[in-house]
Amino acid sequence: GSHVTVQYGVVPLVTVANAVASEYPDLLDIQTAVSPLVDENDDNVLWEQDEVSDSEAKVSGGPLYELCRSVLYDDSFQSSCELAVRAELEQLDSISHSSSVRSRKDGATRMRSIESAFEDSACFGAACFAVQAHAKFLQYAETVPDVDEDIILDFREDYLAGCCSDFTGRITEYCLFRNEIDDQVFIVERNKDGIATEAVEGDLPEYCQPVDITARRYPTTKLVCVENTDSGEPKMPLPTLRVVLSGGVGVQLSRTWALCGGRCYEGGIKVNEDGSETVRQGDSDGFLSHVEENCLTICGLPFKKLDKKSEKQYLFTRRKALTEQLEATNDPNEVLELTIMLLFQQVKSLVVSGPLLRGTILTLLQKERKISDSISKLLQDLANTVSGDSKPSGALVTAVKACGLSRDISKHTVTTFEVTDS
């Protein structure tokens with residue numbers, strides 16, 4: 001072990017000698033006959049004179065100091081001091097080591113907790129399934145006759161800015177965590193209806209939280225850099241990703257954001273001289289194939305494919321959760337949108353959500369042969385009233401709710417009543 005200085009922690013010789021002199025005047029007289037008492041601030045008179053280097057004068061201090069050395073500072077005392085000092089140093093070292101080990105253990109425990117939560121089927125798996133399930137609705141909409149191309153573009157944009165950007169935000173934050181990238185480099189902003197989402201409770205970050213597969217609206221997700229450039233302009237996150245993440249990870253992750261479209265990352269919207277905006281277009285088909293091929297490279301986990309078995313379980317879980325929400329609410333807007341989501345899943349086994357629920361998606365639902373004219377009118381009446389200034393009647397809301405809770409909408413019948421409260 002390292003050499004232990006015995007004088008560490010021992011009362012200075014000067015202090016002890018002065019105390020002895022005050023108690024024994026005869027010893028003081030002997031000392032002063034040779035040399036005056038040393039001032040207590042003088043650090044040249046030491047218990048062990050060999051502590052003074054050869055280049056310095058070895059100061060004995062006089063007979064009183066020599067007496068203290070020979071009587072008080074004997075081998076037994078030195079041995080006791082050395083043991084005490086060594087024990088103290090070992091305890092300090094143990095405390096320091098324990099703190100370091102505890103810190104590493106805490107860090108390792110947190111890392112395992114985050115990894116476990118992210119890899120859970122309710123988080124990463126559900127995010128993978130949501131991307132694929134919503135893509136099936138896009139494929140369906142493109143086959144429906146007389147659907148305007150602009151509407152298809154709206155569906156694609158909502159798909160990319162919704163579940164796709166949410167998925168990309170999750171794998172980005174997890175990737176940055178795994179690669180130990182400082183959290184002061186990037187921020188994944190999440191806003192719902194223009195309001196930043198609140199921090200989740202507990203120790204786990206938001207990207208590890210379960211995916212809400214019943215969400216009527218996905219929060220808008222946007223990647224930005226924390227710091228600006230030297231000129232004060234916003235720093236572009238996609239080039240920064242390619243720099244801070246090596247091995248092709250940054251390139252593939254940057255590409256994932258680009259496929260979501262320009263509204264999902266800083267620098268994706270260009271303001272023209274006339275004040276108009278040019279938004280970099282995303283690619284819904286390209287996004288799905290890209291994440292399927294590169295998810296393992298980006299976050300260390302293979303993309304989870306939605307096969308028949310997993311899709312059946314996914315739809316069952318979603319329908320059950322949507323039904324519970326519908327049963328618990330009488331809010332006209334919630335009743336309408338939850339009913340549309342449930343009926344679309346019932347008649348087409350498709351997942352729908354987003355701002356077009358009460359508009360184009362409802363119109364597509366009304367085209368289905370299992371939706372009778374009376375049910376179609378019922379849904380439209382409620383959609384018209386929640387979009388306008390009038391308050392829908394309780395009977396109308398209850399009737400629409402009954403449609404959403406119906407196990408077989410093709411056999412469901414409705415009665416006539418007033419659309420609005422008088």
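Start at cysteine 123, which is buried, with a relative accessible area of 1%. The model shown here is predicted. Does the sulfur of cysteine 123 lie close enough to another for a bond, or too far? The closest cysteine sulfur belongs to cysteine 208 and is 5.8 Å away, too far for a bond. A disulfide needs the two sulfur atoms within 2.5 Å.

Cysteine 264 comes next. This residue counts as buried too, at 2% relative accessibility. Its sulfur has the sulfur of cysteine 260 as the closest, at 5.0 Å, and that is again too far for a bond. The count of disulfides comes to zero.

Now turn to the aromatic rings. How many aromatic pairs are there? The count is 13. Take phenylalanine 137 and tyrosine 140. Their ring centres are 6.0 Å apart and their planes meet at 40°, so this pair is tilted. Both residues sit in helix α5, which covers residues 121-141. They are three residues apart, about one turn of the helix. An α-helix has 3.6 residues a turn, so residues three or four places apart point the same way. Phenylalanine 137 is buried, at 6% relative accessible area. Tyrosine 140 is buried as well, at 12%.

A second pair joins phenylalanine 167 and phenylalanine 287. This one is edge-to-face, with 6.4 Å from centre to centre and 80° between the planes. Which parts of the chain does the pair link? They are distant parts: phenylalanine 167 lies in helix α6 (residues 149-178), and phenylalanine 287 lies in helix α9 (residues 284-299). The two residues are 120 residues apart. Both phenylalanine 167 and phenylalanine 287 are buried.

These two rings also belong to a cluster linked by ring pairs. Its members are Phe118, Phe124, Phe167, Tyr174, Phe177, Tyr207, Phe287 and Phe303.

Last, look at helix α3, residues 63-72. Which of its residues are buried? They are Leu64, Tyr65, Cys68 and Arg69. Seen down the axis of α3, the buried residues fall within an arc of 140°, so they line one face of the helix. The face turned away from that buried side carries the exposed residues Ser70 and Val71. What covers the buried residues of α3? The cover includes α1 (13-23) and α2 (25-34).

Technical notes. Residues numbered from 1 in each chain as written. Predicted model: local features only at pLDDT ≥ 70, side-chain atom pairs only at ≥ 80, totals over all residues. Heavy atoms only, no water. Buried < 20%, exposed > 50% of the residue type's maximum accessible area, 1.4 Å probe, protein only. Phe/Tyr/Trp six-rings, centres within 6.5 Å; stacked < 30°, edge-to-face > 60°. Helix = DSSP H or I, 4+ residues; strand = E, 2+ residues; numbered from the N terminus. Arc of directions from axis to C-beta. Contact = heavy atoms within 4.5 Å.
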